[in-house]
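Please consult the sequence and structure shown below while reading.

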Amino acid sequence: REVRLGAVAVAIDADERVLLTRRPQSMRSFPGAWVMPGGSVDVSDATAAAAALRELHEETGLAVAEDGGGSGGSGGGARGGRRAR
């Protein structure tokens, strides 16, 4: 069985709330579960952090640059020096 690397984004707003998404009931693994945005690291992803940020954008529309800039959402601080906007 192939092992795949995964990455998740922990998005925390200014009120210390953590963003969770709900997996569709049609998913094979953990249907209906509340999870942090994330997924597999693709070969095109430079790092696992880049994969987590890509997945965050794909799943929620939030865009966060690795250098801390971002767009979309309501703002607030993120751990690791990144800000979601």
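## Overall fold

The protein chain contains one helix and six strands; helices (H or I, at least four residues) and strands (E, at least two) are DSSP runs, numbered from the N terminus. In sequence order, the pattern of the protein chain is β-β-β-β-α-β-β. Of the contacts in the protein chain with a separation of 6 or more, 34% are accounted for by residues 24 or more positions apart, a contact being heavy atoms within 4.5 Å.

This is a predicted model, in which local features need pLDDT of at least 70 and side-chain atom pairs count only at pLDDT 80 or more, while totals for chains, interfaces and linings use all residues. Residues are numbered from 1 along each chain as its sequence is written, and side-chain values use heavy atoms, with hydrogens and water left out.

## Surface and burial

The protein chain has an accessible surface of about 5,800 Å², and carbon and sulfur atoms contribute 54% of this area. Accessible areas come from the Shrake-Rupley method with a 1.4 Å probe; for residues, only the protein chains shown count as cover. Of the 85 residues of the protein chain, 25% count as buried. Buried means under 20% relative accessible area, exposed over 50%, and partly exposed in between (1.4 Å probe, protein chains only).

A nonpolar surface patch is formed by Val8, Val10, Val18, Leu20, Trp34 and Met36, which together have about 540 Å² of accessible area. Patches are made of residues with over 30% relative accessible area and no salt bridge; like charges are joined within 9 Å and nonpolar side chains (Val, Leu, Ile, Met, Phe, Trp, Tyr) within 5 Å.

## Salt bridges

A salt bridge is a side-chain nitrogen of Lys or Arg within 4 Å of a carboxyl oxygen of Asp or Glu; by this rule the count is six. One of them joins Arg17 to Asp15, with the closest N and O atoms 3.7 Å apart, and both residues are exposed.

Asp42, Asp45, Arg54, Glu55 and Glu58 are linked in a salt-bridge network. In it, Arg54 pairs with Glu55, the closest N and O atoms being 3.2 Å apart, and with Glu58, where the corresponding distance is 3.1 Å. Arg54 and Glu58 both lie in helix α1 (residues 48-60), four residues apart, about one turn of the helix. Glu55 is buried, with a relative accessible area of 9%, whereas Glu58, at 52% relative accessibility, counts as exposed.
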